[in-house]
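The stops below are given in the order in which to select them.

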Amino acid sequence: MSRSWQHPLPEMPSPPAARAWQRLVPPEGYAVQWRRLIDAALELGLGPEELAAGGMDDVAAARGWKPATVTLYSKVARYGGVPLPVPPTPEPDPRTLDLRPLTEVRSEQPEHLRTVVWCAIALRWPAPVGAFRDLRREQVHPTTRRLLVRTDDGEWSVPGALSAWHAWEAVRNRFPALAESPWVLPALRRGPGYTSHVGGRLSSQALQVTFTKHAVRTALHLRATSAGARRARAEALAAVYETLSYDSYRRLALAAGAEPVAERGAVRAERAARANRAAGAPAG
């Protein structure tokens, strides 16, 4: 028995954007980035289908995302089932940067010293922000010449961080809640969370914000204290510091020759290090 031809069914309308996102499962290990991607898409009223069809350009423009950030969230989208093309990760710019001003002790303010010691350690132990969040005081051992950082992954020698370490330890020991804290980078004030308390473990997001504030304040300090022939160089350095993130700081430390602590960023850092060595080599 022959079947009569039927008109195709009309195209099914897409569900509301928020409901469409709820149908997808966040990729393992990227729950925070997945949430931020959804928030950015929903600000423009985009569901997964619309984002896949139109790409990331509008979302990136609305949020002011840099190319490296667009690459990251494109990968996260694909991990979660949204078929976005992944642009190549851009090469770092700049490849080199003087990071020493971020490691200099300028006051006895606890927030300043906490970030200075973080930067001083990260210059030779460039661990991801999550590793610093979990770093305990018992894992850092000062010697007469340097700090030793011991974790389950090995031991690292950290020269140049002793002054910052001792300054931070001296100030935190004045406050019982900080003196008793097991964390290298503890909370200095109570946050909005129910379990938050002075001396508690900071979130990765709070640490990122802390670093950004420190970089901006260092930029202001450079502008305020530089004059004459040093003025132009300080201005150029301050302009980069104003937009510097900890991830970029870590990548620059790796490119300068610091031993990798984790796989993330190590390949790009090695490319940058090779380019730096080639640029510094005498002409043949």
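Select helix H2, residues 31-43. With 13 residues at 1.5 Å a residue, H2 should span 18 Å, and its end C-alpha atoms are 18 Å apart, which agrees. The expected span is 1.5 Å times one less than the number of residues; helices are DSSP runs (H or I, at least four residues), numbered from the N terminus.

This is a predicted model, in which local features need pLDDT of at least 70 and side-chain atom pairs count only at pLDDT 80 or more, while totals for chains, interfaces and linings use all residues. Residues are numbered from 1 along each chain as its sequence is written, and side-chain values use heavy atoms, with hydrogens and water left out.

Within H2, show the side chains of Trp34, Leu37, Ile38, Ala40 and Ala41, which are buried (under 20% relative accessible area, 1.4 Å probe, protein chains only). They cover an arc of only 165° around the axis, which puts them on the same side of H2; the arc is taken from the directions from the helix axis to the C-beta atoms.

Step just past H2 to Gly45, where phi is positive, about 75°.

Last, select H10 (204-225) and H6 (110-122), the elements that each give two or more residues to the lining of the second largest pocket. H10 provides the largest share, five residues.

Notes
Buried means under 20% relative accessible area, exposed over 50%, partly exposed in between (1.4 Å probe, protein chains only).
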